[in-house]
Each structure stands twice: as structure tokens, then as C-alpha cells.
Amino acid sequence: DSAERRRPPPAEPSRSGTAGPGAAGGGRALADLLPPGDVTGATDTTAIQSALDSASDGQPVLLAAGTFYTAAPIDMPPGAVLLGSYADEVADGSQGQYGTVISPVPGFSQDGAADNAVILLQGQAQGGYPNRSQEQKLGQLMLDCRNAPPGLNGASIYGFVTRPHFFNVLVSYATGAGIRCVADGSGQRPGALRMDRVNVRYSGSYGIYLSRISDSTWYDCLV
């Protein structure tokens, strides 16, 4: 009976560039990015951010297996979908890394962003978006923060962001919180979070920090 009621995991996208049936952001992928091997973070930060900013109507940006290095927060605008090939489940990278990995470099800078995080979801006012900040989806990847500077959060949901969805995500060795969900300066808070199979390991601060967040669903998460 319990097996019949168990909800299946989200479908993985096909590597042809089209999201599989039922996958988040079910339209054709805008980009299937390959890691170029630039360990400074400049190339990958720009490439990922440009792809997310250019996407429309929930087009997923797909990251191939490998390590992407970032030097500033990746901002996920309303409706953005960022998907890896699959998430590593080995938190200790010395034993090998597999799947899609986003790794902040030692010189990572907040660069004027609303919060200091590898992945940033922020409210409409902070992001300067024309529409309400909602429905961002992050899945099937690892955030490996072993080389990050002090106080860096893995992912931050800041201000009035509604219905974000993380699934099959591993956050490892964040020097701040693994996932941080907080109000902005005016008291506007995230809401209606959905987290499926999110694994947070070895954070320098809180594994997951929630500040009076309502109407959230957590399924098969480990902190």
C-alpha cells in the first residue's frame, strides 16, 4: 500500500535537448552547455547566466556532466529552469565526482547581489524583473562548495519568491548555509517551496535555514 502511494521522482530530461515527459520546464531546451574547463569561473558564470536570461516560457537550460566553475551568484529569474544530467550522491569529492557539478571558486564574489549564494532566487524588486518572481526550478546537480570563501550559501531564496522547486540536488560543504530562505528588508518572504530529494551535507552554518516560511512541501530530504 505504501509503495503504491509513493510519489515517483521527477523525470530526467533526455540528452537530445528536449525535456522528457513530465520533466520540469517541459519545452525544448534553450542550451545544452558543456564545461569548458576554465577554472577561473568567468566563462561558466557568464554562459549559464546568459542562457537563463535568454530562456522563455520555461525553456530548460541543460548542463552536461562535468564541473562548472562560478565566480558570482547565478541568478534564476522567474520561470527559470536549470537542470544537470544527474546529481552526484558522493559528498566527498576526493573519492571522485560524477554527474553535473557547480563549484564556486576561491575568489567568488557576491558582486552586489541581494544575497551571497552560488544559486540565487530573489524577489521581483531585488531582481528588477518585469513579473513576479515564481516557478523557478533547479534539479539534478551538485553544488560543491569545498573551495568557496567563508560565508557562501549553497542556494538562497531571498524575498518574495513563490513556488520554487528543487529536486535531486546535493549541496556539499557550503561555508554558509546549505540552503537559506529568508525575508527581504521589507519583510517579504518566500512561500510555497517544494523540495524533493534534496541532500545537504557538511555545511559551515545551518544545513537549511528557514525564517517563518509557510506552505512548503519537503519529500525525502536529508540534512
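The chain has 3 helices and 14 strands, where helices (H or I, at least four residues) and strands (E, at least two) are DSSP runs numbered from the N terminus. This is a predicted model, in which local features need pLDDT of at least 70 and side-chain atom pairs count only at pLDDT 80 or more, while totals for chains, interfaces and linings use all residues. Residues are numbered from 1 along each chain as its sequence is written, and side-chain values use heavy atoms, with hydrogens and water left out.

Of the 223 residues of the chain, 50% count as buried; buried means under 20% relative accessible area, exposed over 50%, and partly exposed in between (1.4 Å probe, protein chains only). Among contacts with a separation of 6 or more, 74% are between residues 24 or more positions apart. A contact here means heavy atoms within 4.5 Å.

The strands come next. Two strands pair if DSSP finds at least two bridges between them. Strands of a sheet pair through backbone hydrogen bonds, either parallel or antiparallel. An open sheet of 5 strands has the order 4-7-9-11-13, with parallel pairing. Its edge strands, each pairing on one side only, are strand 4 (74–75) and strand 13 (208–210). Strand 13 is joined to strand 11 in the parallel sense over 3 bridges, and isoleucine 179 stands opposite isoleucine 208 of strand 13.

Strand 2 runs parallel to strand 5 (residues 81–83), and 3 bridges join the two. Leucine 62 stands opposite leucine 83 in strand 5. In a regular strand the side chains alternate between the two faces of the sheet. In strand 2, Pro60 and Leu62 point one way and Val61 and Leu63 the other way, and all are buried.

The largest nonpolar core has 37 residues, of which Leu82, Ile102, Ile119, Phe166 and Ile179 touch the most other members. Such a core is a set of buried Ala, Val, Leu, Ile, Met, Phe, Trp, Tyr and Cys residues joined through side-chain atoms within 4.5 Å. The elements giving two or more residues to this core include helix 2 (42–54), strand 2 (60–63), strand 7 (117–122) and strand 10 (165–172). Not counting residues up to four places away in sequence, isoleucine 119 touches Ile74, Met76, Leu82, Ile102, Leu138, Leu143, Gly154, Ala155 and Ser156.

Arginine 197 lies in strand 12. With a relative accessible area of 30%, arginine 197 is partly exposed. Most residues other than glycine have a negative phi. Arginine 197 is not a glycine, yet has a positive phi of about 55 degrees. Alanine 192 also has a positive phi, near 55 degrees, and is placed in the loop between strand 11 and strand 12.

Leaving aside neighbours within four places in sequence, threonine 162 is in contact with Arg132, Ser133, Gln134, Glu135, Gln136 and Gly191.
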